[in-house]
Amino acid sequence: MIKLIALDVDGTLSDGKIYTDDKDNNLKAFDVKDGFAIAQWIKEGGIVAIITGKSSNIVQRRADELGIQEVAQGISNKVQEMEKLIAKLGITLDEVAYMGDDINDLGVMRMVKIAAAPKNSAAEVLERVDFISNKNGGDGAVREFIEFLMKENGTWENVINRFLNQK
């Protein structure tokens, strides 16, 4: 069973565009539905990690908002980072799913139980993953993947019932 979902940021959690204003502030857009699914995965006892090549206060702020405790930024070798992460968490690669969009994600994708990608990912990625979202990165692809995993492990119904039974 999948315990950890690890995610790339640019092109996966965001649309991959980085907006810079005239004061050198960078902006990224995140899909609220991705955030909802991440929060529900965590509420059901799952772990979410971010492993990204860039470093940004924006990413840390979004991770904090969603309750993501495992955030690795500025990572040039995602394979080594994944090895450190599973050792820290005491889990195996058979308990890990990863979603990314570009060729720098291929090494870690090869390691994990389930590799996923948004539909607008690099062709080399799309040829090698287990799950291709119908959505682009930053447009609900992560939500679709998490919902798929939760339906597979039977926890999506818990989410539905939690909201159906609100008083």
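This is a short tour of a predicted model, from its sheet to one of its helices and then to its cores.

Hi everyone. First, some ground rules: residues are numbered from 1 along each chain as its sequence is written, and side-chain values use heavy atoms, leaving out hydrogens and water. Because the model is predicted, local features need pLDDT of at least 70 and side-chain atom pairs count only at pLDDT 80 or more, while totals for chains, interfaces and linings use all residues.

Let's start with the sheet. Helices here are DSSP runs of H or I with at least four residues, strands are E runs of at least two, and both are numbered from the N terminus. Two strands pair if DSSP finds at least two bridges between them. The sheet is open, has 6 strands with parallel pairing, and reads S5-S4-S1-S6-S7-S8. Which strands stand at the edges? They are S5 (70-72) and S8 (131-132), each with a single partner strand, so one side of each is left without a neighbour in the sheet. At the S8 end, S7 (residues 114-117) pairs with S8 over 2 bridges, and Ala117 stands opposite Ile132.

Now for a helix, H2, residues 57-66. Buried means under 20% relative accessible area, exposed means over 50%, and partly exposed is in between, using a 1.4 Å probe and protein chains only. The buried residues of H2 are Ile58, Val59, Arg62, Ala63 and Leu66. They cover an arc of only 135 degrees around the axis, which puts them on the same side of H2; that arc is taken from the directions from the helix axis to the C-beta atoms. What do they pack against? Their partners are strand S3 (26-27), H1, S4 and S5, where contact means heavy atoms within 4.5 Å. The face turned away carries exposed Asn57, Arg61, Asp64 and Glu65. After H2 comes Gly67, with a positive phi near 85 degrees.

Finally, the cores. A nonpolar core is a set of buried Ala, Val, Leu, Ile, Met, Phe, Trp, Tyr and Cys residues joined through side-chain atoms within 4.5 Å. In soluble globular proteins, nonpolar side chains tend to be buried together. The largest core here has 27 residues, and Trp41 is one of those with the most contacts inside it. H6 gives the largest share of this core, 6 residues. Leaving aside residues up to four places away in sequence, Trp41 touches several others, including Ile5, Val48, Ile146 and Leu149. Apart from this core lies another, of 21 residues, among them Val108 and Val125.
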